Amino acid sequence: MAKLIVALDVDNLKKAKKFVDLLYPKVKIFKIGSQLFTLYGPKAVEMVNKKGADVFLDLKFHDIPNTVANASSAATALGVFMFNLHASGGLEMMQRAGEARDKTAAKLGIKPPLLIAVTVLTSQGKNSKILPLVLNFTRSAKQAGLEGVVASVEETAAIRKEFGKDLIIVTPGIRPKGTVFGDQKRVVTPGEAVKAGSNFLVVGRPVLEAKNPLLAVEEILREMRLYGRRD
């Protein structure tokens with residue numbers, strides 16, 4: 001069954017905590033991205049973990065292999081559930097990140113967080129060159145030993161067909177019917193994402209900007225369960 005991740009894309013730690021307090025345990029995983037982490041650092045992760053929820057640290061590491069390896073070690077030590085990097089950083093960068101993750105987890109005696117690769121951002125428009133690029137990035141991520149990728153639902157079925165059911169697919173750009181797309185170009189409903197084979201659905205503004213965020217989450221989860229039973 002696919003799982004929902006709510007993105008804490010806010011500029012205030014108190015506001016982030018308000019959403020976590022309101023939505024947990026309906027939502028068990030929260031995404032902390034560049035904005036919140038740049039402002040508050042590990043405090044943001046600690047806040048979510050203290051509540052009992054898991055963190056998807058969405059910082060999209062992309063640098064020379066040694067720098068990304070060090071960042072991966074640091075992310076692992078924070079106790080996050082999952083974090084990511086850019087597949088475009090190359091095979092060596094991804095391999096070194098995975099090795100650093102595993103080494104740090106073993107040293108601390110903890111379960112290694114999931115490490116996934118960003119393929120092509122969902123803010124990029126639709127064109128025929130995207131799918132081959134996504135598949136190439138996915139192939140490299142799997143070769144590097146990563147657990148999965150971040151990809152639009154438009155590529156999910158093709159990824160599943162080529163790489164099987166065990167690869168984790170995280171899908172951003174989820175927009176329930178009737179919501180504004182914003183800067184996302186390749187967007188889908190929760191049901192479409194589940195039907196395509198996504199494991200994790202990332203939703204931000206449709207929940208954060210809803211008049212009743214908890215009700216918005218319940219409606220998304222209901223749709224996810226409905227399509228999950230059909231699969």
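Predicted model: local features only at pLDDT ≥ 70, side-chain atom pairs only at ≥ 80, totals over all residues.
Let me begin with strand β4, which spans residues 82–86. The strand is mostly covered, with 5 of its 5 residues buried. Which of these residues point one way, and which the other? M82, N84 and H86 point one way from β4, while F83 and L85 point the other way. In a regular strand, side chains alternate between the two faces of the sheet. In β4, the residues pointing either way are buried.

I turn now to the neighbours of β4. Strand β3, residues 54–61, pairs with β4 in the parallel sense over 3 bridges, and F61 stands opposite L85 in β4. Strand β5, residues 114–118, also pairs with β4 in the parallel sense, here over 5 bridges. In that pairing, M82 stands opposite L114 of β5.

How are these strands connected through helices? Helix α4, residues 65–77, forms a right-handed β-α-β unit with β3 and β4. Helix α5, residues 91–108, forms a right-handed β-α-β unit with β4 and β5.

My second topic is helix α7, residues 153–163. Its buried residues include V153, E155, T156, I159, R160 and F163. Why do they lie on the same side of α7? They do so because they cover an arc of only 145 degrees around the axis. As a general point, an α-helix has 3.6 residues a turn, so residues three or four places apart point the same way.

What covers the buried residues of α7? The covering elements include α6 (130–143), β6 (148–150), β7 (168–171) and α8 (190–196). Finally, just after α7, G164 takes a positive phi of about 85 degrees.

Note on methods. Residues numbered from 1 in each chain as written. Heavy atoms only, no water. Buried < 20%, exposed > 50% of the residue type's maximum accessible area, 1.4 Å probe, protein only. Helix = DSSP H or I, 4+ residues; strand = E, 2+ residues; numbered from the N terminus. Pairing = 2+ DSSP bridges. Right-handed = clockwise from strand over helix to strand, strands pointing away. Arc of directions from axis to C-beta. Contact = heavy atoms within 4.5 Å.
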